[in-house]
Amino acid sequence: MKSLKSKNLSFLAFYTVIFAAVSLACFSFYFILGKTFFTTGDGRSQHIAALIYYGKYLRSIFYNLFAQGKLIIPQWDFNLGFGADIIQTLHYYVIGDPFSFLSVFFTPEKTPVLYTINIFLRLYCIGLAFFAYCKYHNFDRYSSLCGAFVYIFCGFSFYCAVRHPYFVNPMIWLSLLLIGIDKIFDNKNFLPFAFFVFIACACNFYFFYMLSIIVFIYAIVRFFYRFPKQEYRSIWKYILLALAGYFLGICMAAAIFFPNVSGFLSCGRTEENSFPTMFYGIVYYVKMFIGFIAPTKFGSYSFFGYAAPCLPLLVFVFLKNNKISKQIKLFIAIGLIFFLIPFFGYMFNGFGYKTNRWCFSFSFLIAIATVYSLPYFIKCDLKKIRRIILICLCYSLFVFMLCPLDKTIEKEYLFPHIFSFISLIFIFLFYKFKVSERAKKTLFFTLILSSVIFQANFRYSPKGLGYLNDAYSSKNFAKLLKEYKTPFSINEDSIFYRVETHYLLSKNIPAVIGIKGTTYYWSIINSKLYDFYKEQNLQKATALETDGLENNQEMFSIFNVKYYLVPENKENEIPQFFKDTGKKYLEYKIYQNTEFLPFGSTENGEQIENVKLGCNSLAAEANFSNDNSVFLSIPYSKFWKAKIDGSKTEIKLAKTAFMELSIPKGNHHIELSYSNTYFSLGIVVTIAAFFVFLILVFWKKHYAHTNFISLE
């Protein structure tokens, strides 16, 4: 046992050292050119904001818990967009993601460090989870190590790891979920699967949906290859076990899963439905065919970009005809069909629009094909290898012939195929001169590492695909950081007013610094707001974002906009009814709306007073001379409840997206409280599900002979 433990630690240490070296080599241009890993679009507006916001959010919860002795979980933030559910909005990026939890330890200034750590930590864990899968299936360590680097550093991860780091999380969960399925088949124990479902579900429901489809396909194929025909009738037992694990895992994640599914189904993004065409264009299929070893994208989130030695190894798999190779070939055939037909991209994206974000699972297949075939390939003689080398050389020669015909193909595919061509020559020479198996192993490992380093630098280099051009420089981030960490304050009695933030460097800065701005950019947003924007003909507003109120006077009144932040060189672009206050916020001058309409105003000019915002609540006083309807510029949600003088009253939908209260004349105390019913229900279900899970674990450990878990 000590010897085995020592070998495991040595292997882990070796992997860690090689991973660190390869990672630094792959992303070297970022460090050399002084770039952060934030892209200029989503990174600047969404990922920086989400991490800084989440860090503050977690610290406030822990402070209240340990310093005040109170567990207070804010569910609504009036500064998030025009007001939004925190968990529903931030889950897509950080809430539930174990890696983003590290934000609790990082100040805004250290956000690039946190972002970088999260990228490399995710990639590192992809390898660990892949090793776990390989070990479970008794693949040798050398091949597993080669396959891990193929999987970690593929076209999908090169694109997504820096652009949307949480997009690579499912690459980790996939390996674990597949282990869970195999454990059900091997010993009828669904508890590991349930736990892995819980992790994947809590982390991100969007990718969990994709993973569910992928795991279902894997389970069906594996079952019919795993068991003899006489046991096919017992499939219902395994279906029940898998369903038990699946639903138990979902219930364990219910506190996060329930409110976020509710938010997704009511967000504007669900209106982006665009039924796909029957087929892609011819350029898509050409690039797909020649892109196996090129890191470039050939469609919406459609990537191959595998290490050059994967090509001959995959050909080798297709030439074999045993039980394992048949499974791999079937899975690859299914994956290729999904790439070929747009409907599957549409299906995997929740029937919204076609995109192939599921393709990380195809990378897993190629990595497994590498792991399986490499030991056999190394032991082959030149006679068996010659045909494979020739096929692969012809593939690259075909690309060389296309390059003079199309400059795009030349730019994106020529150098990867030159690298592949050279690699094939080296492989041929090693077999021709009959070097030792040890030397061949060294060659393949070296070629795989060299290939992923080449592909990364080809993708990121300004001389290659230029992906680094989209990265935010350290200098620009320093300027952006000033806005992300500088609170906006002005001596002001009114608590509820908004600020026109169109000119700020990021749309989500208002949420981070704690002001009610007019800009935001999040993937999960109340769909009623988008309907409202369309009615008001706001040209720059979409289902995901607003870029200010476009100097619309009526909108300034509806949203209670009191101040306007504007650079000095843009002063002539703001409406005349804003006057200079003589004050500044950073480099922005502060203008005040002379026609400001206070929050909670009525049509006859009366208004609620003493507005106080609390955690998930709002309180105010009213002293009206007549019965009045009060418009509240807070996005409508069925989870808001209202009381007048302690008695419940109805909240009505007003102006398509907002709230309205009917308040009788006289003096009244008004209370609004927000509590997401699905979150509350989810907490109860999560606690109950974990209790059940722990009971079953205990039962399995101490009373396994009863076969309670195995349904036998």
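Is E109 buried, partly exposed or exposed? With a relative accessible area of 36%, E109 is partly exposed, where buried means under 20%, exposed over 50% and partly exposed in between (1.4 Å probe, protein chains only). The model is predicted, so to speak of local features a pLDDT of at least 70 is needed, side-chain atom pairs count only at pLDDT 80 or more, and totals for chains, interfaces and linings use all residues. Residues are numbered from 1 along each chain as its sequence is written, and side-chain values use heavy atoms, with hydrogens and water left out.

The structure holds 12 salt bridges, a salt bridge being a side-chain nitrogen of Lys or Arg within 4 Å of a carboxyl oxygen of Asp or Glu. One of them joins E109 and K485 at 3.1 Å, N to O. This pair links distant parts of the chain, 376 residues apart: E109 sits in the loop between α4 (86-90) and α5 (111-136), and K485 in helix α21. Helices are DSSP runs (H or I, at least four residues), numbered from the N terminus. K485 is partly exposed too, at 40%.

Helices α8 (residues 169-187) and α10 (residues 205-226) are linked by R222 and D182, whose side chains meet at 3.2 Å, N to O. Here R222 is buried at 13%, and D182 is buried at 1%. Another salt bridge pairs D186 with R226, with the closest N and O atoms 2.9 Å apart. Since D186 lies in α8 and R226 in α10, the pair ties together parts 40 residues apart in sequence. D186 is partly exposed at 37%, as is R226 at 31%.

Key. Helices (H or I, at least four residues) and strands (E, at least two) are DSSP runs, numbered from the N terminus.
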